Structure formats: C-alpha cells, structure tokens
Amino acid sequence: MTITEEMRGLVVRTARSMNHGAERRGYVADSNRSLDLGQREAQTLFGWGRDTIRKALHEQRSGITCCDAFSQRGRKRAEERLPHLLEDIHDLVQDQCQTDGTFKTTRLYCRLSAAAVRRHLIARKGYAHAELPTIQTLTTKMNGLGFRLRKVAKCRPLKKSRRPTPSSRT
C-alpha cells in the first residue's frame, strides 16, 4: 500500500490530538497493523519513537495497558531523601535566632548563614558532604521553616542627619 502525503499528515495529526498515553499508543498500534508497517517504517513516516511503537504493539497483543509513571520522574525532594533534615536544621538554628527588634512581626532572624548551617549539619549531625543539598536549597528550606537569614533591625546603626555647613547660612 502506498502512503500519500495527505494520509501521512492525517495519521500524524490524529495521533497528536489524543491526550492520554494509552489512548495514543492504541491508535499507533492500530495504524501500524492496518498499514502493515514495520517499526522503522512507522518511525520514518510518522516520527514516532520505536520504543513507543513496540510498547503499543505489546499492549495490543497482551491486552494489558501499561501505566505511565510521570509522577515517578525527576529528582526527589531533599526531605524525601533525608527524612530528618528539616528537624535537624530546626534544632541547629533555633538556638541562634532572635525576634524582630521592633516587635512588629513574629519572624525569627537567624544569625547563622546557610553555609554555616551546612557545616554544622556535617560536623554535629553526621551528614556526609555529598548527600546534603546545596546552600541555595538549604536557604529555601530555612525560609520555609520560618527563619529569615537577615540582620535584625535593631542591630543596624541609625543614619546621621546632615548638618548644614557654615557657608550655607546667610
């Protein structure tokens, strides 16, 4: 069977219009069988991956639909890899915190930097250097716990007002 450019476009557009992976793979398998194409031919004509075609044909042959595990992809959060990390950060930082000097907010200001917290986690809590997240990630986790890595307002010196010079007075 000769596949025209119009037929090729129709098959590709139809496959792209399908949202779910299993539904699309079913269409891929049906198209592949109906047009009597091999995996390489279908890959060349329609731009489908051979792994997808192989999976689609297997699902059609066995009658079992494979589950797509999109949620299992990507990097796990630091709390999932190190379950006690947030508790350990809280224990280390709690002693080094002070409240807002103006008492206008309930924020706790931390005198430790995230790099210092990382060093303390390695020294005191026994974490390995390679397993701990980066300093930026630790900063985010500390902000999430309610600690702010800024100087306390009462520690800043007051601005001095400019005094008029003698030549400006007349």
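The largest pocket has a volume of about 230 Å³. A pocket here is an open set of points on a 1 Å grid over the protein atoms alone, where a 1.4 Å probe fits, with protein on both sides within 12 Å along at least five of seven lines; lining residues have an atom within 4 Å of a point. Points are joined across faces, edges and corners, and the volume is the space filled by probe spheres set on them.

A word on the source. This is a predicted model: local features need pLDDT of at least 70, side-chain atom pairs count only at pLDDT 80 or more, and totals for chains, interfaces and linings use all residues. Residues are numbered from 1 along each chain as its sequence is written, and side-chain values use heavy atoms, with hydrogens and water left out.

Back to the lining. The largest pocket is lined by 14 residues, and the closest to its centre are Arg-24, Val-28, Trp-48, Gly-49 and Thr-52. Which helix gives the largest share of the lining? That is α2, with four residues. α1 (5-17), α2 (21-34) and α4 (50-62) each supply at least two. Helices (H or I, at least four residues) and strands (E, at least two) are DSSP runs, numbered from the N terminus. By class, the lining has five nonpolar, four polar and five charged residues. Nonpolar covers Ala, Val, Leu, Ile, Met, Phe, Trp, Tyr, Cys and Pro; charged covers Asp, Glu, Lys and Arg; the others, Gly among them, are polar.

Next, the helix pair. The axes of α2 and α4 come within 8 Å and cross at roughly 90°. So α2 is roughly perpendicular to α4, a term for angles of 65 to 115 degrees. Axes are lines fitted to C-alpha atoms, for helices over the stretch in contact, and angles run from 0 to 180 degrees between N-to-C directions. Contact means heavy atoms within 4.5 Å. On the α2 side, the contact includes Arg-25, Val-28 and Ala-29. On the α4 side, Thr-52, Lys-55 and Ala-56 are among the residues. The residues of this contact divide into five nonpolar, three polar and six charged.

Take Arg-25, in helix α2. Buried or exposed? Arg-25 is buried, because its relative accessible area is 6%; buried means under 20%, exposed over 50%, partly exposed in between, with a 1.4 Å probe and protein chains only. Beyond its neighbours within four places in sequence, Arg-25 touches Thr-52, Lys-55, Ala-56, Glu-59, Cys-66 and Asp-68. The C-alpha atoms of Arg-25 and Thr-52 are 7.0 Å apart, across 27 residues of chain.

Now the loop between α2 and α3 (39-46), where Asp-36 is found. Asp-36 has a positive phi of about 55°, although it is not a glycine. Most residues other than glycine have a negative phi. Asp-36 is exposed, at 67% relative accessible area.

Lys-141 is in helix α8 (residues 135-144). Lys-141 is buried, at 15%. Leaving aside neighbours within four places, Lys-141 is in contact with Arg-77, Ala-78, Glu-79, Leu-86 and Ile-89. Lys-125 is in helix α7 (residues 114-125). Lys-125 counts as partly exposed, at 34%. Lys-125 and Leu-92 are 33 residues apart in sequence and 9.3 Å apart, C-alpha to C-alpha.

Last, the whole chain. It has eight helices and three strands. Buried residues make up 29% of its 170 residues.

Notes
Angles under 35 degrees count as roughly parallel, over 145 as roughly antiparallel, 65 to 115 as roughly perpendicular and the rest as oblique.
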